Amino acid sequence: MTCREAERLVMPYINGSITDEELKEFLKHIETCEDCREELEIYFTVDVGIRQLDQETGTYNIKGALETALELSRQRVHTLGILETARYAVNTLCFWAVLVVLVLQFGMW
């Protein structure tokens, strides 16, 4: 992912409208690119600050809130990876089960 693509995904990430595949690539890029990470922090700080003013609530640890959001996103990506692996395993088992049934069926004829 390029910096330009990551910058385009900052607001969808903050708003929660990013796709799972984009999220995976976005997190990888944010981990390695300080400039994009800084831009995310700025946009996140402004967005959370405005929301808190509108709701008259206050979390004074906005950077901590960003770290929490990033950690939850990492967990989501990890969980999606596990589910994808499980889906692949189940599909493989189903294929082999159908194949065995067909071989046994042909053996009975």
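Author: Start with aspartate 47, which lies in helix 3, residues 34–55. Bear in mind that the model is predicted.

Reader: Why is aspartate 47 called buried?

Author: Buried means under 20% relative accessible area. Aspartate 47 has 16%, so it counts as buried.

Reader: Which residues does aspartate 47 touch, leaving out those up to four places away in sequence?

Author: Met11 and Ile14. Touching here means heavy atoms within 4.5 Å.

Reader: Arginine 37 is in helix 3 as well. What makes arginine 37 buried?

Author: The cut-off again: under 20%. Arginine 37 has a relative accessible area of 12%, so it is buried.

Reader: And what does arginine 37 touch, beyond residues up to four places away in sequence?

Author: Ile30, Glu31, Glu67, Leu70 and Arg74.

Reader: How much of the protein chain counts as buried?

Author: Of its 109 residues, 21%. The accessible surface comes to about 8100 Å², and 61% of that belongs to carbon and sulfur atoms.

Reader: What is the secondary structure of the protein chain?

Author: Four helices and zero strands. From the N terminus on, the order is α-α-α-α.

Reader: How do you know how helix 1 and helix 2 pack?

Author: Two packed helices are described by the angle between their axes and the distance between the axes. For helix 1 (residues 3–15) and helix 2 (residues 20–32), the angle is about 115° and the axes are 10 Å apart. Their crossing is left-handed.

Reader: Which residues make that contact?

Author: Helix 1 gives Cys3, Ala6, Arg8, Leu9, Val10 and Tyr13. Helix 2 gives Glu22, Leu23, Phe26 and His29. By class, that is seven nonpolar, one polar and two charged residues.

Reader: How does the radius of gyration of the protein chain stand against that of a compact globule?

Author: A compact globule of 109 residues would have a value near 13 Å, but the protein chain has 22 Å. Along its principal axes, the C-alpha trace spans about 75 × 30 × 20 Å.

Reader: What share of the contacts between residues at least 6 apart in sequence joins residues at least 24 apart?

Author: In the protein chain, 59% of them.

Technical notes: Residues are numbered from 1 along each chain as its sequence is written. This is a predicted model: local features need pLDDT of at least 70, side-chain atom pairs count only at pLDDT 80 or more; totals for chains, interfaces and linings use all residues. Side-chain values use heavy atoms; hydrogens and water are left out. Axes are lines fitted to C-alpha atoms, for helices over the stretch in contact, and angles run from 0 to 180 degrees between N-to-C directions. Helices (H or I, at least four residues) and strands (E, at least two) are DSSP runs, numbered from the N terminus. A crossing is left-handed if the near helix is turned anticlockwise from the far one by less than a right angle, and right-handed if clockwise. Ala, Val, Leu, Ile, Met, Phe, Trp, Tyr, Cys and Pro count as nonpolar, Asp, Glu, Lys and Arg as charged, and the others, Gly among them, as polar. The radius of gyration is taken over C-alpha atoms; the globule rule is 2.2 Å times the number of residues to the power 0.38. Buried means under 20% relative accessible area, exposed over 50%, partly exposed in between (1.4 Å probe, protein chains only). Accessible areas come from the Shrake-Rupley method with a 1.4 Å probe; for residues, only the protein chains shown count as cover.
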